[in-house]
Amino acid sequence: MERDLTCIGCPLGCAIHVSGEIGSLNITGNTCKRGYEYALTECTHPVRRFTGTVAVRGGELPVVSVKTAQDVPKESLFAVADAARKLCVDAPVTIGDVILPDVAGTGVALVAAKHVARR
Ligand code: SF4
């Protein structure tokens with residue numbers, strides 16, 4: 001495996017190079033341990049935090065921003081987005097409210113990232 005990555009851990013955006021095989025990867029270019037862990041995760045089991053919106057019934061806004069409470073496997077993102085798209089919650093919604101406790105079988109909750117008051 002040979003991969004070039006840009007670390008997303010901070011605005012520095014270090015250019016990281018990964019070579020070798022799973023179990024014996026050689027990671028260079030990172031300035032800190034966070035970058036090493038990012039590269040290792042990205043090459044072995046990539047994860048992402050989902051952000052999106054869910055429809056709101058009876059709210060002063062038609063949708064509420066949501067995110068997964070933790071990172072989810074990258075390959076689950078489409079299923080998470082699809083689950084979010086099919087949801088509709090009643091206003092009011094408070095930041096931190098659990099919208100769906102186990103989104104798309106990931107074991108991770110989908111939570112509100114904004115307040116939406118009742119209309
Ligand atoms: S390796 Fe460390 S310093 Fe470089 S971008 Fe990642 S988090 Fe920032």
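Reply: In this predicted model, the side chains of arginine 85 and aspartate 82 form a salt bridge, with 2.5 Å from N to O. Both residues belong to helix α2, which covers residues 77-86. Arginine 85 and aspartate 82 are 3 residues apart, about one turn of that helix. The two partners can be sorted by how much of each is accessible. Arginine 85 has 61% relative accessibility and therefore counts as exposed, since the cut-off is over 50%. Aspartate 82 has a relative accessible area of 28%, so it is partly exposed.

A second pair lies within another helix. The side chains of lysine 33 and glutamate 37 meet in a salt bridge at 2.6 Å, N to O. Helix α1, residues 33-44, holds both lysine 33 and glutamate 37. They are 4 residues apart, again described as about one turn of the helix. Lysine 33 counts as exposed because its relative accessibility is 60%. Glutamate 37, at 37% relative accessibility, counts as partly exposed.

Arginine 57 and aspartate 90 meet through their side chains in a salt bridge of 2.4 Å, N to O. Arginine 57 has 45% relative accessibility and so counts as partly exposed. Aspartate 90 also falls in the partly exposed class because its relative accessibility is 49%.

Why can such pairs form? Side chains of opposite charge can pair when their charged atoms come close. The pairs described here are among the 6 salt bridges found in a search of the whole structure.

For contrast, consider the surroundings of the ligand. The shell around the ligand has 5 nonpolar residues, 4 polar residues and no charged ones. Among the residues that surround the ligand are Cys7, Cys10, Cys14 and Cys32, and the list also includes Gly9, Gly13 and Gly35. Leu12 and Thr31 complete that list.

How values were computed: Residues numbered from 1 in each chain as written. Predicted model: local features only at pLDDT ≥ 70, side-chain atom pairs only at ≥ 80, totals over all residues. Heavy atoms only, no water. Near = heavy atom within 4 Å. Nonpolar A, V, L, I, M, F, W, Y, C, P; charged D, E, K, R; others polar. Salt bridge = Lys/Arg side-chain N within 4 Å of Asp/Glu carboxyl O. Helix = DSSP H or I, 4+ residues; strand = E, 2+ residues; numbered from the N terminus. Buried < 20%, exposed > 50% of the residue type's maximum accessible area, 1.4 Å probe, protein only.
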